[in-house]
Amino acid sequence: MGNNLKRIENLIDNDKLPRHIAIIMDGNGRWARKRLMPRTMGHRAGMSSLKTVVMICAQMGISVLTVYAFSTENWRRPRDEVDYLMSLLVEYLHKELNELDQNNIRIKILGDYTSLPPKCQQEIEDAVLLTTHNSGMVFNIALNYGSRNEIIGAIKNLGEKLLSREINIDSITEEMFSSMLYTAGSPDPDLLIRTAGEMRISNFLLWQIAYTELWITDRMWPDFTKEDLLQAIWDYQQRDRRFGGLNK
Ligand code: IPE
Ligand code: IPE
Ligand code: MG
């Protein structure tokens, strides 16, 4: 095990790291069920994976890490589970904030967090404010995030600007549209990781992943390790990204 980690570490080309990694952290519930535990315990175990991955990415020099923590569709889950996820988030930010800050990490939230419980909102605002001047890795937490909702928000914003004649229709470009999304200012993801094997996107970053490399593993999120992350990065480095053109 340890040997394999060393081997992959040595294989990775540090000059060709993905600038932006996005992760759909899935499989917490299945991880727990397999162990005859309540789903909430799976979410708690998943929190450790998150801690590990954030620190490794920051230390490697990844510019942006985006994780899918709660989708606009996850409100369909039982109230207890939703409440638990929210309190886990507060706990995570509370416990990790200083370490994140000391590592020069800047926390941003993708999604409308104003509909979350007040305690959550407060914790989020503290975390975002404290780290706002940090110049290291941007750590995006997608929370109450849905890509379609994000796109509709941008369209409404554009509509208002058109109606007030602040812009005209010809000035609408891909760049302008991108700048109206929650991810404004960040490059599009180079690599999207999904754990727990589902071959779908689940309303995550639909606009932003037009040319992202996808990497899906059967590993459940609580079992995701440094070795898995490095394997994903190494596999990414072997891909031939043509962007519609031809390879050299
Ligand atoms: C991912 O794990 C965490 C969230 C979606 C919040 P799941 O809770 O979706 O776990 P599975 O897919 O049921 O195994
Ligand atoms: C995607 O996982 C959302 C998060 C990881 C937060 P889901 O478990 O909600 O996705 P589906 O329902 O399997 O598509
Ligand atoms: Mg799931």
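Visitor: How far does a backbone N or O atom of Asn28 lie from an oxygen atom of ligand 1?
Guide: In this predicted model, the distance from that backbone atom of Asn28 to the ligand oxygen is 3.2 Å. Local features need pLDDT of at least 70 and side-chain atom pairs 80 or more, while totals for chains, interfaces and linings use all residues. Residues are numbered from 1 along each chain, chains lettered from A and ligands numbered from 1 as written, and side-chain values use heavy atoms, without hydrogens and water.

Visitor: And what about Gly27, how far is its backbone N or O atom from a ligand oxygen?
Guide: For Gly27, a backbone N or O atom is found 3.4 Å from an oxygen atom of ligand 1.

Visitor: Which distance goes with the side chain of Arg39?
Guide: An N or O atom in the Arg39 side chain lies 2.8 Å from an oxygen atom of ligand 1. On its own, ligand 1 has 380 Å² of accessible area (Shrake-Rupley, 1.4 Å probe), and the protein covers 87% of that area.

Visitor: Okay, stepping back, how many residues surround ligand 1?
Guide: There are 13 around ligand 1, with Asp26, Gly29, Arg30, Arg39 and Arg77 being the closest; a surrounding residue has a heavy atom within 4 Å.

Visitor: Which element gives the largest share of that shell?
Guide: The largest share, three residues, is supplied by α2, a helix being a DSSP run (H or I) of at least four residues.

Visitor: How does the shell divide by class?
Guide: Around ligand 1 there are five charged residues, five polar ones and three nonpolar ones, with Gly counted as polar.

Note on methods: Polar contact = N/O pair within 3.5 Å; in protein donor to acceptor, adjacent residues only side chain to side chain. Helix = DSSP H or I, 4+ residues; strand = E, 2+ residues; numbered from the N terminus.
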